[in-house]
Amino acid sequence: MVSKLPVRRFDALIIGAGGAGMRASLQLAEAGLSVAVLSKVFPTRSHTVAAQGGIGASLGNMSEDHWLWHMYDTIKGSDWLGDQDAIEYMCKMAPQVVYELEHFGMPFDRNPDGTIYQRPFGGHSANFGEKAIQRACAAADRTGHAMLHTLYQRNVRARTQFFVEWMALDLIRDADGEVLGVTALEMETGDVMILEAKVTMFATGGAGRIFAASTNAFINTGDGLGMAARAGVPLQDMEFWQFHPTGVAGAGVLITEGVRGEGGILLNSQGERFMERYAPNLKDLASRDVVSRSMDQEIKEGRGCGPNRDYVLLKLDHLGPEVINKRLPSIREIAIKFANVDPIREPIPVVPTIHYMMGGIPTNVHGQVVLPQGSDPAAVLPGLYAVGECACVSVHGANRLGTNSLLDLLVFGRSAGNHVVGQNLTAQSHKPLPKDAGELSLARLARLDAATSGESVAQVASDLRKSMQSHCGVFRNQQLLAAGVQKVLELEARSQRTAISDRSRIFNTARVEALELDNLVETAKATIFSAEARRESRGAQARSDYPARDDANWLNHTLWYRDGNRLAYKPVNLKPMSVDSFPPKARTY
């Protein structure tokens, strides 16, 4: 018997209204497709709004630049784990998507001649690492905010349909494996519905909330990853999580790399600019994994600041009030509110904080989800796309270069949108739903509603975050990771014995948090199992027991399957589309 759940039909369904989702939906809506965008929050509150520093593109407005230099910096930043064909595509497309955004009305900062202002950023260089370059296209320190509002306004103009405060629960696949849509929960009422679509696209963002200290919003719970894993899709390179060097100590709020791009410097308790020791060429603008490890090393060796010597200082008072108020107004506001310091007069206490997920759902440059089958490593899963932070193309590899996150959203959101438009969906009919459509979601909800006693969701989620923070941090080793694997498996079992209290049942937020916990657990399992298995140090995976990069054995992407926590591997693509390869070499800044 067919599911009793109500059904709504669309040509295309996008889960997530951040930069990637709304860039894709814009292509679809302007092509005349029936498109629905599902979001847990109002679109302009999606986490893209928190991005501060800029969008990387070789416009050459400040000095000579070339997309090939940007490509090299991205490959080097990825510690050679990024696929060079995808990286070439992204860096070549970068100027075009930035100019498109400018024509959409994005209020970029300007140079006196009217061109887009560009600031320096960590890891970006001229002439293949020769010197730092200004490549980040910025709107003060609110670039993500400006971008998200620009895209939302264009989507309103294109009559995109938004489902605001809805949560996607599970994918619906037919007997042939094709994705036909999702089950979704209206958060206000608790009603469940099937949203059927000829194409479903995940743009659900990251999952930084699996860690205790994170720059991520509370909505970043890995919903797309959880749905994909439950549907049998592997998760790629999940051991690689970027620690942003500068989160406000004790609060985790992001202090953009743009501060260092504008001339801010890191100091230890001795007043020493310590990055000169670790990265003599690019200093404070080395790649994020290098700066984070350097800060962690300073703290571990007793040169941290404060009563507990557990942070370092970010000094920018020497830039002067005019530069700070013009280029970094939000940073001053954040420092005053969250660190109780005015950066015009005193430094900001900062510490490395979980920021970005390099791994995710494996895709190609068109956003199609890749499901390796037998001898075909590039087989695609019909009907399913993924874009943005929840996807792994892979352009970020083992460590994302700053400014490439917003670029990723634009390039691959646009690319996926164009690929879907090319499918001629309006001429196709909807396939019949399977008889058990929605049953998995209803069973998950029934378990929650039937549980009259058990642990609180909040306690299990808190323990999960603490475990990931302590077992999978900046520096890792076999003992820590093996213990972390067991801890996460215990937490998975505990998550199935949670209960919603009678008092909290009147608020659907309690059900939502319980459903989010399922997704957090899947993400944590993928992360800890992948990290434990990779016996090398590469990019954001720094193992004290395997301190060297091992290209002979580990120049491979990790694929984690939920079924049996199975791991598989596929080679990194070292062949660009049209230029010579950049072979792996030692990574110095």
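Strand 7 and strand 8 form a hairpin in which five residues lie between the two strands. In the turn, Gly177 has a positive phi of about 90 degrees. Helices (H or I, at least four residues) and strands (E, at least two) are DSSP runs, numbered from the N terminus. This is a predicted model, in which local features need pLDDT of at least 70 and side-chain atom pairs count only at pLDDT 80 or more, while totals for chains, interfaces and linings use all residues. Residues are numbered from 1 along each chain as its sequence is written, and side-chain values use heavy atoms, with hydrogens and water left out.

Strand 7 (residues 166–173) and strand 8 (residues 179–186) run antiparallel and are joined by seven bridges; two strands pair if DSSP finds at least two bridges between them. Within this pairing, Asp170 stands opposite Thr183 in strand 8. Strand 7 is largely enclosed by the rest of the structure, because seven of its eight residues are buried. Here buried means under 20% relative accessible area, exposed means over 50%, and partly exposed lies in between (1.4 Å probe, protein chains only).

Strands of a sheet pair through backbone hydrogen bonds, either parallel or antiparallel. An open sheet of four strands shows antiparallel pairing in the order 11-14-13-12. Strand 11 (241–248) and strand 12 (265–267) stand at the edges with a single partner strand each, so one side of each has no neighbour in the sheet. From one strand to the next, the twist averages 45 degrees. Inside this sheet, strand 13 (residues 312–315) and strand 14 (residues 348–357) pair in the antiparallel sense over three bridges, and Val312 has Val350 of strand 14 as its bridge partner.

The helices come next. Helix 2 (residues 67–77) is mostly covered, with ten of its eleven residues buried. Among these buried residues are Trp67, Trp69, His70 and Met71. The buried residues of helix 2 pack against strand 3 (55–56), helix 3 (84–104), strand 4 (118–126), strand 5 (131–137) and helix 11. Just after helix 2, Asp79 takes a positive phi of about 55 degrees.

Two packed helices are described by the angle between their axes and the distance between the axes. The axes of helix 4 (residues 143–157) and helix 11 (residues 404–421) come within 11 Å and cross at roughly 15 degrees. Axes are lines fitted to C-alpha atoms, for helices over the stretch in contact, and angles run from 0 to 180 degrees between N-to-C directions. Helix 4 is therefore roughly parallel to helix 11 (angles under 35 degrees count as roughly parallel, over 145 as roughly antiparallel, 65 to 115 as roughly perpendicular and the rest as oblique). Thr143, Gly144 and Met147 of helix 4 make the contact with Leu406, Leu409 and Leu410 of helix 11, where contact means heavy atoms within 4.5 Å.

Two threonines complete the picture. Thr150 is found in helix 4 and is buried, with a relative accessible area of 4%. Leaving aside its neighbours within four places in sequence, Thr150 is in contact with Leu101, Phe104, Gly105, Met106 and Pro107. Thr403 is found in the loop between strand 18 (391–392) and helix 11, and counts as buried at 3% relative accessibility. With neighbours within four places in sequence again left aside, Thr403 is in contact with Gly54, Ile55, Gly56, Phe121, His124 and Ala136.
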